[in-house]
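Q: I have a new structure open and want to go through a few of its side chains. Can we take it step by step?

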Amino acid sequence: MTPRTKAERRERSATARRPRPVEPARTTAEWVERARRALPGGVSSPVRSFRSVAEEPLLASRARGAHVFDLDGRRYVDYIQSFGALFGGHAHPAVVAAIRGAAPLGTSFALTSRGEIELAETILSALPWCERVRFVSSGTEAVMTAVRLARGATGRPLVLRFDGCYHGHSDSMLVKAGSGVHQIADSSSAGVPRGLVADTVIVPLGDVAAVEAAAKERGRELAAILVEPVPANSGLLLQEDSFLPALRRIASRCGALLVFDEVITGFRIARGGASERFGVTPDLVTLGKLVGGGMPVGAVSGPARLLDQLAPLGPVYQAGTLSGNPVAMAAGLASVRMALDREERARLERNSRALEAALRPVCARAPFSLRPLFFGSMFWLWPGAGAPARRPDQVGALEKRRFQRLHERLRAHGVLLAPSLYEVGFVTTAHGDAVIRETATALARALEDLAGDASLSDGG
Ligand SMILES: *Cc1c(COP(=O)(O)O)cnc(C)c1O
């Protein structure tokens with residue numbers, strides 16, 4: 001892209017002249033203090049406070065490929081990768097070029113434009129069971145829309161979901177298991193009255209008998225069974241192979257829709273997502289993260305007979321000023337095209353296997369039980385003895401303590417994991433051999449640092 005106008009040229013040279021955005025160490029503490037005064041908890045989303053690992057927050061200044069830089073210019077190998085929104089790593093040239101190409105043509109029209117048609121067609125080309133896409137601006141909105149659509153299309157009120165899956169922060173999803181019977185749920189946040197979650201049933205993850213029981217009791221009221229096909233928001237809670245087929249069977253039997261929340265897994269675990277990977281076809285799918293390539297995009301997809309129930313064709317209302325935003329669509333198109341490219345996918349697979357192979361022997365020598373658990377390009381370092389957790393209540397205080405210490409030491413040696421044991425790590429195509437070696441060395445050093453800590457040992 002050569003700059004066309006004088007103003008563009010001027011902006012170009014100003015960008016080139018601008019010094020690297022590196023702040024002297026002294027100012028980091030000042031920025032943290034300013035953040036705490038201006039933003040609740042110093043953040044725009046809670047995990048970023050680093051409270052759950054009891055550390056000072058890391059403020060990002062810039063990022064490229066596998067690396068993120070803090071305000072002091074320190075470089076970290078980044079495994080947060082915007083929680084999986086980045087398939088090709090930070091500031092991937094194809095994504096950046098797409099944004100640069102789109103932005104000068106208009107940043108928002110509130111009219112339909114070509115980008116959303118192209119992104120929808122690209123999504124549909126990979127999901128043969130889907131016929132329509134409705135775009136929104138976040139994963140939360142995607143789930144909110146899918147749930148409303150399921151209720152509208154079936155004329156039923158109930159949604160069944162699992163303790164240990166995350167579906168965004170809309171009111172009806174902020175549910176926890178209530179005391180006693182599984183059918184009585186409670187809201188998991190202040191500000192969400194019980195009435196708003198009364199029609200959400202929550203059951204333990206992987207508990208097919210509990211789903212059967214709920215279906216038996218209230219199957220006729222059940223609009224949808226909602227699940228993360230690979231639960232990756234309370235750690236990586238890998239389920240039995242029979243779990244998704246069982247949900248499909250139960251949903252079909254009672255006339256409920258099966259909704260896969262693929263905000264993380266979509267285009268990541270396979271070109272066609274979970275339906276391709278597991279051979280189980282849902283009725284609706286929610287997408288996010290990777291479909292925006294780091295810009296705010298969410299989507300709901302499925303067959304026309306369901307999606308066309310949305311306004312303006314159908315009675316289920318849904319809208320958004322910034323939905324289908326042209327700049328976000330351009331970034332999303334670049335990201336999804338990359339995720340559908342066979343060579344790029346092969347590179348992601350290769351990097352993921354290489355990282356697993358590099359971490360395994362280091363973990364085996366750890367001073368406490370530590371196991372790298374991989375599902376394709378998603379991974380979790382399970383710091384516990386015995387079988388890895390399948391449900392969030394199997395993650396105990398000892399595992400949390402180990403993770404906290406490990407996170408702090410890894411950070412000190414230049415590797416950044418998400419600041420919570422409940423988040424998984426993401427490999428990208430930018431995590432090549434050098435980055436993997438850097439990670440394995442840092443992990444070995446971090447574990448050496450922890451070797452003397454008796455409170456972390458398997459007896460402790
Ligand atoms: C991240 C996530 C969401 C919420 O998406 P936001 O863009 O953060 O609103 C919903 N469901 C799943 C499975 C997610 O991982």
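This is a predicted model: local features need pLDDT of at least 70, side-chain atom pairs count only at pLDDT 80 or more; totals for chains, interfaces and linings use all residues.

Q: Where is the place of H90?
A: H90 sits in a loop, the one between α3 (81–84) and α4 (93–102).

Q: And is H90 buried or exposed?
A: H90 is buried, because its relative accessible area is 13% and the cut-off for buried is under 20%.

Q: New topic. How many salt bridges does a search of the whole structure find?
A: The search finds 18.

Q: Let's take one. What do the side chains of E33 and R37 meet in?
A: They form a salt bridge, with an N to O distance of 3.4 Å.

Q: How many residues apart are E33 and R37 in helix α2?
A: They are four residues apart in helix α2 (residues 25–38), so about one helical turn separates E33 from R37.

Q: What about accessibility, for E33 to begin with?
A: E33 is partly exposed, at 36% relative accessibility. R37 has 65% and counts as exposed.

Q: Which residue does D308 meet in a salt bridge?
A: D308 pairs with R132, at 2.9 Å from N to O.

Q: Is D308 buried or partly exposed?
A: D308 is partly exposed, with a relative accessible area of 24%. R132 also counts as partly exposed, at 36% relative accessibility.

Q: Moving on, how far apart are the closest N and O atoms of D453 and R405?
A: They are 3.9 Å apart, and the two residues form a salt bridge. D453 lies in the segment after α15 (433–450) and R405 in helix α14 (residues 397–412), so the pair connects parts that are 48 residues apart in sequence.

Q: What is the relative accessible area of D453?
A: D453 has 25%, which makes D453 partly exposed. R405 is partly exposed as well, at 30%.

Q: Last one: which residues are linked with R405 and D453 in a network of salt bridges?
A: E408, R409 and D449 are linked with R405 and D453 in that network.

Terms used:
Residues are numbered from 1 along each chain as its sequence is written. Side-chain values use heavy atoms; hydrogens and water are left out. A salt bridge is a side-chain nitrogen of Lys or Arg within 4 Å of a carboxyl oxygen of Asp or Glu. Helices (H or I, at least four residues) and strands (E, at least two) are DSSP runs, numbered from the N terminus. Buried means under 20% relative accessible area, exposed over 50%, partly exposed in between (1.4 Å probe, protein chains only).
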